[in-house]
Amino acid sequence: TTMGSPENAMNYIVNRLPVLCEVKNTSFNIENEYERADEKFYNTETYTSALNQIPLYTGKTLWKDIGDASAIDRFRMIDRASIKSSKNHKYKYRLLLCDAPQMNFILLEYNDGSKEVLFNWDFRGIGQDPTVLLSRDSKIVEMFSIHHEHLWRSASSDHDNIDTKSTSTK
């Protein structure tokens with residue numbers, strides 16, 4: 001299913017936060033695409049609003065982010081806000097700091113056990129913005145779930161995050 005722009009997809013996710021039990025997300029950008037990704041997504045009101053809402057749900061929703069160097073500040077902000085929202089927050093993140101390009105996707109699992117994946121968030125097409133797609137097909141969701149698990153195992157904790165060292169469970 002076509003979701004449209006990354007902002008449309010983020011609104012879709014934010015509207016479902018109350019009924020999610022687990023979120024697995026990736027956030028990777030190619031160096032030459034940082035500016036476009038910031039302009040069209042990360043510096044938008046939609047994304048800023050989502051960053052403020054996510055920590056409110058990490059007390060009950062397991063949220064696992066994997067990202068590159070461009071995601072560290074965002075992840076740290078969510079982590080700090082999650083700690084403030086709940087001492088028993090379920091926000092975790094890891095970093096994959098290599099130059100190999102990775103695909104961006106987010107897996108959503110609902111309280112009723114249903115799952116879906118939103119993918120194709122990447123600002124990598126020269127002069128072309130992404131159109132986010134959604135799938136509920138169990139084989140496609142499973143493929144992305146396995147890939148997220150492999151990335152998670154390959155990624156490392158943010159050992160330089162001084163703000164949350166004493167309280168973080170990562």
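How many salt bridges does the count come to by the rule applied here? The rule requires a side-chain nitrogen of Lys or Arg within 4 Å of a carboxyl oxygen of Asp or Glu. By this rule, the count is four salt bridges.

The structure is a predicted model, in which local features need pLDDT of at least 70, side-chain atom pairs count only at pLDDT 80 or more, and totals for chains, interfaces and linings use all residues. Residues are numbered from 1 along each chain as its sequence is written, and side-chain values use heavy atoms, with hydrogens and water left out.

Side chains of opposite charge can pair when their charged atoms come close. One of the pairs is formed by Glu 22 and Lys 24, with the closest N and O atoms 3.7 Å apart. Both Glu 22 and Lys 24 are buried. Buried here means under 20% relative accessible area, exposed means over 50%, and partly exposed lies in between (1.4 Å probe, protein chains only).

Strand β2 spans residues 20-27. Helices (H or I, at least four residues) and strands (E, at least two) are DSSP runs, numbered from the N terminus. Seven of the eight residues of β2 are buried, so the strand is largely enclosed by the rest of the structure. Two strands pair if DSSP finds at least two bridges between them. Strand β2 is joined to β5 (residues 105-110) by five bridges, and the two run antiparallel. The bridge partner of Lys 24 in β3 is Lys 64.

A further salt bridge connects Arg 136 and Glu 116, whose closest N and O atoms are 2.8 Å apart. Arg 136 lies in the loop between β7 (132-135) and α5 (138-154), and Glu 116 in strand β6 (residues 115-119), so the pair ties together parts that are 20 residues apart in sequence. Arg 136 is exposed, at 54% relative accessibility. Glu 116 is buried, with a relative accessible area of 2%.

Helix α5 holds the pair Arg 153 and Glu 149. This salt bridge has its closest N and O atoms 3.0 Å apart. The two residues are separated by about one helical turn, because they are four residues apart in the helix. Arg 153 is exposed, at 61% relative accessibility. Glu 149 is partly exposed, at 27%.
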